[in-house]
Amino acid sequence: MKAGILCLQGAFSEHGKMLNSLGISTVELRKASDLNQQFDGLVIPGGESTVMIKLLTELDMLERLKQLILSGLPTFGTCAGLILLAKNITNDFRARLATMDIEAKRNAYGRQLGSFSAEVDFKGAGKFPAVFIRAPYIADVYGETKVLAEFDGKIVAARENNQLATAFHPELTKDTRIHEYFIDMMKNA
């Protein structure tokens, strides 16, 4: 199995290291022609969502990625990746992939100084050490989207069919369970 990791900006190398440690090879997606490679899943890392959208648009990757996701490619978005997947954002109306039936709130926990770690109960995985960095949260889910974790009364992880989104950064911990969950999504696709 092979996962494609969007490597434009953000915490992409950490996802690669974690997936590699679990026996999954990875391919870096940096330009439109990289999307012609064969991969079984897509990781959209955390970082700065506005920069990522700008680069995806300039590099002519946005629509192709959207079509891959809508065609059923297992996709895992963390933090900024969650924002890119969200169909609605309460405090931002810029373009994005908009493939997942969630409404997100950008920078919901404040600025960089508001970053923190907390334990969340992730459905099917139990207590998980979550790292929140300028994190969004999910204000609402609809359609077939299922809530997987909450923190302080806010939704911080959800899944809709082939799409998994977390407001936190599991790649910045030593705990591999959420990446294992994503690998199972790839295997069952």
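Trainee: Which residues touch the most other members of the largest nonpolar core?

Mentor: They are L6, I44, L56, F122, F132 and F168, in a core of 61 residues. A nonpolar core is a set of buried Ala, Val, Leu, Ile, Met, Phe, Trp, Tyr and Cys residues joined through side-chain atoms within 4.5 Å. This is a predicted model, in which local features need pLDDT of at least 70 and side-chain atom pairs count only at pLDDT 80 or more, while totals for chains, interfaces and linings use all residues. Residues are numbered from 1 along each chain as its sequence is written, and side-chain values use heavy atoms, with hydrogens and water left out.

Trainee: What does F122 touch, not counting residues up to four places away in sequence?

Mentor: Its partners are F128, L148, A149, A157, L164, T166, F168, I178 and Y181; contact here means heavy atoms within 4.5 Å. In soluble globular proteins, nonpolar side chains tend to be buried together.

Trainee: Why does the radius of gyration of the protein chain agree with that of a compact globule?

Mentor: The radius is taken over C-alpha atoms, and the globule rule is 2.2 Å times the number of residues to the power 0.38. For 189 residues the rule gives a value near 16 Å, and the protein chain has 15 Å, so the two agree. The C-alpha atoms fill a box of roughly 40 × 35 × 35 Å along the principal axes.

Trainee: Why is D121 called partly exposed?

Mentor: Buried means under 20% relative accessible area and exposed over 50%, with partly exposed in between (1.4 Å probe, protein chains only). D121 has 45% relative accessibility and therefore counts as partly exposed. By the same cut-offs, 52% of the 189 residues of the protein chain count as buried.

Trainee: Where does D121 lie, and which residues does D121 touch beyond four places in sequence?

Mentor: D121 lies in strand 7, residues 116-122; strands (E, at least two residues) are DSSP runs, numbered from the N terminus. D121 touches G126, K127, L148 and A149.

Trainee: What makes R134 partly exposed, and where is its place?

Mentor: R134 has a relative accessible area of 29%, which means that it is partly exposed. Its place is in the loop between strand 8 (126-132) and strand 9 (137-141).

Trainee: Why does N161 count as partly exposed?

Mentor: N161 has 44% relative accessibility, and therefore counts as partly exposed. N161 lies in the loop between strand 11 (154-160) and strand 12 (163-166), with a positive phi near 50°.

Terms used:
Helix = DSSP H or I, 4+ residues; strand = E, 2+ residues; numbered from the N terminus.
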